2 protein chains.
Amino acid sequence: MALAGPNRVQLHEVAPRDGLQIEPVFVPTEQKIAWIDRLSETGIAKIEATSFVSPKHVPALADGEAVLRGIRRRPGVRYAALIPNAKGAERAAQAKPDEVNVVISASETHNRSNLRMPRSGSFAALADIRRALEGSGVDLTSSVATSFGCPFEGRVDPNVVLDQVQRLLDEGCVAVTLADTTGMANPRQVAELTEAVLARHPGLVLTLHFHNTRGVGLANVMAGWQAGATRFDAALGGLGGCPFAPGATGNVCSEDVVSMFEEMGVSTGVDLDALLAVSKDLPGMIGHDVPGQVRAAGRPMTLHQPPDYARAA
Amino acid sequence: MALAGPNRVQLHEVAPRDGLQIEPVFVPTEQKIAWIDRLSETGIAKIEATSFVSPKHVPALADGEAVLRGIRRRPGVRYAALIPNAKGAERAAQAKPDEVNVVISASETHNRSNLRMPRSGSFAALADIRRALEGSGVDLTSSVATSFGCPFEGRVDPNVVLDQVQRLLDEGCVAVTLADTTGMANPRQVAELTEAVLARHPGLVLTLHFHNTRGVGLANVMAGWQAGATRFDAALGGLGGCPFAPGATGNVCSEDVVSMFEEMGVSTGVDLDALLAVSKDLPGMIGHDVPGQVRAAGRPMTLHQPPDYARAA
């Protein structure tokens with residue numbers, strides 16, 4: 001067999017947070033709740049449902065508490081919220097997502113741009129966050145932004161990423177995500193870094209997060225899978241982007257990722273038709289089309305009628 | 001090393017034929033010639049420059065002879081023309097591309113739809129074509145359309161593809177292309193079929209031709225490369241499509257394929273900046289935007305200025 005990798009993978013849906021956060025429209029809370037509830041029924045393993053950041057900075061997600069209160073928590077699905085600091089952790093300790101996700105960039109300049117503090121400040125905040133979560137039952141996870149490249153600094157030293165993963169685990173994170181925040185990764189690099197991280201931490205709950213900025217998103221998913229990764233972030237319809245990388249398209253598209261794996265015989269646990277049905281209503285909710293391709297072209301084995309002249313006699 | 005494959009690959013540019021053939025505008029002959037001449041300077045190994053089909057069926061390419069007469073044939077670049085039958089071969093024998101490409105589908109229904117004859121008729125035509133080319137110095141090559149799936153019949157038996165490759169070589173073809181005509185392939189299937197074909201014909205001049213219909217185009221290129229393929233069709237800007245698969249996007253995008261390989265350290269021989277410069281003028285020529293992503297987002301290592309507040313003190 002030419003291509004080998006794990007027989008099962010998990011999809012983590014990030015559109016409700018990573019997708020909506022840059023949308024100019026405010027999707028009404030009830031609509032967000034209904035949307036997340038529909039996503040919960042598709043077999044997705046984890047949903048990043050909202051964030052607890054300043055409503056001034058991300059008005060689209062100002063209703064984090066109401067969203068988490070309103071959704072039906074489906075058993076077996078994990079619900080995550082992004083938080084930037086101890087204040088967010090205090091909100092999360094009340095609202096009780098299953099886990100919070102704290103983003104720290106491997107690149108100093110990206111961290112300062114995205115979070116307005118140096119990486120050292122972010123690591124200090126992480127310790128505050130851990131303390132704020134103590135006894136809440138909410139798990140701490142972290143994403144290594146710009147793991148594969150920084151739009152300001154360029155290449156990122158893999159050793160910086162490896163050191164950051166170690167530090168995150170030392171700080172009590174139960175899972176780590178390597179994020180290609182602005183779509184700079186290539187498949188060889190993905191395979192090498194994924195292998196290096198898994199070699200150092202064989203039991204690590206590792207997720208890979210790719211953007212399709214240069215069209216290589218699914219090739220990077222494939223490369224990570226071949227290197228042993230089993231958890232992948234993706235956004236319904238391919239929503240998302242990065243304010244610091246003009247022209248960037250969004251996250252890899254959930255439906256396209258699921259379709260690829262299912263066609264390969266790799267189980268995702270996701271009902272693709274159900275997911276496509278949710279995706280169908282996405283443009284109406286946000287007011288514009290989205291880049292996902294299976295939703296436009298149909299599943300690969302969707303058959304068409306041949307022209308009359310081509311039918312066998 | 002996690003991902004292994006050949007150190008060098010070749011890009012075959014198909015936009016002047018596979019891209020333009022479905023465009024509703026007629027690009028003036030002089031403009032086509034100037035375009036192909038610019039492409040010839042980028043380091044591309046082969047250009048499918050036109051076709052010799054009925055001008056009634058493909059009016060966009062009615063000027064095949066004039067195009068081949070007008071272009072500057074750059075040494076080291078091969079120029080190809082698609083032909084459907086012996087009449088096309090007679091035209092080619094006069095116009096003298098380096099090679100002609102004859103398409104025959106692995107699927108009976110697709111062959112009838114696309115070429116209005118059964119596969120047996122296409123194989124008979126191939127023998128006529130070979131005779132018409134004798135002594136002309138024009139090489140005969142063939143593409144196996146729907147190698148990875150048929151939009152009418154669904155899955156295609158790999159043994160049908162293997163038998164067709166054998167038959168094409170027996171008929172005197174010097175090169176064979178496996179084409180995922182409507183974007184139904186998945187990476188595992190690509191790796192398995194590519195390995196099977198190369199195992200049976202180790203010296204075969206094999207090209208892979210993918211469409212990005214379901215977003216998996218570059219993942220399929222990666223899988224083919226890992227299986228040993230070194231030649232890939234692609235279209236500038238991702239032009240192209242298939243009239244029988246509604247919603248289908250086009251061929252894999254030349255710039256995106258080159259960018260992926262170059263980022264991985266795999267040599268393509270192509271000057272990506274020169275190719276992007278040609279791509280920049282493409283929407284003006286055909287009157288609409290194109291799906292290529294590196295042209296929109298910039299090369300992965302195109303750096304941006306951080307916000308003022310993020311600069312180190």
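Is Glu99(A) buried or exposed? Glu99(A) is buried, with a relative accessible area of 4%; here buried means under 20% relative accessible area, exposed over 50% and partly exposed in between, with a 1.4 Å probe and protein chains only.

## About the model

This is a predicted model, in which local features need pLDDT of at least 70 and side-chain atom pairs count only at pLDDT 80 or more, while totals for chains, interfaces and linings use all residues. Residues are numbered from 1 along each chain as its sequence is written, chains are lettered from A and ligands numbered from 1 in the order in which they are written, and side-chain values use heavy atoms, with hydrogens and water left out.

## Salt bridges in chain A

Let's stay with Glu99(A) for a moment. Its side chain meets that of Lys46(A) in a salt bridge at 2.4 Å, N to O; the term stands for a side-chain nitrogen of Lys or Arg within 4 Å of a carboxyl oxygen of Asp or Glu. Glu99(A) belongs to strand 4 (residues 99-105) and Lys46(A) to strand 2 (residues 46-51) of chain A, so the pair ties together parts that are 53 residues apart in sequence. Helices (H or I, at least four residues) and strands (E, at least two) are DSSP runs, numbered from the N terminus. Lys46(A) is also buried, at 16% relative accessibility. A network of salt bridges links Lys46(A), Arg78(A), Glu99(A) and Asp139(A).

Another pair sits in helix 6 (residues 119-133) of chain A, where Arg131(A) and Asp128(A) are three residues apart and so separated by about one helical turn. The closest N and O atoms of their salt bridge are 2.7 Å apart. Arg131(A) is partly exposed at 45% relative accessible area, and Asp128(A) is partly exposed at 35%.

## Where the chains meet

The contact, meaning heavy atoms within 4.5 Å, takes 58 residues from chain B and 58 residues from chain A. About 5,000 Å² is buried between the two chains, with carbon and sulfur atoms giving 59% of that area; buried area is the accessible area (1.4 Å probe) that two parts lose on being put together, summed over both.

Between chain B and chain A there are two salt bridges. One of them joins Glu263(A) and Arg155(B) at 3.7 Å, N to O. Glu263(A) lies in helix 10 of chain A and Arg155(B) in the loop between strand 5 (139-145) and helix 7 (158-170) of chain B, so the pair joins two chains. Glu263(A) is buried at 17% relative accessible area, whereas Arg155(B) counts as exposed at 54%.

Helix 10 (residues 254-263) of chain A is mostly covered, with nine of its 10 residues buried. Among the buried residues are Val257(A), Met260(A) and Phe261(A). Just after this helix, Gly265(A) takes a positive phi of about 85°.

Asn212(A) lies in the loop between strand 7 (206-210) and helix 9 (217-226) of chain A. Asn212(A) is buried, with a relative accessible area of 18%, and its side chain reaches the backbone nitrogen of Val216(A) at 3.3 Å. Not counting residues up to four places away in sequence, the residues that Asn212(A) touches include Thr249(A), Asn251(A) and Gln293(B).

Notes:
A polar contact is a pair of N or O atoms within 3.5 Å; within protein, one must be able to donate a hydrogen and the other to accept it, and residues adjacent in sequence count only if both atoms are side-chain atoms.
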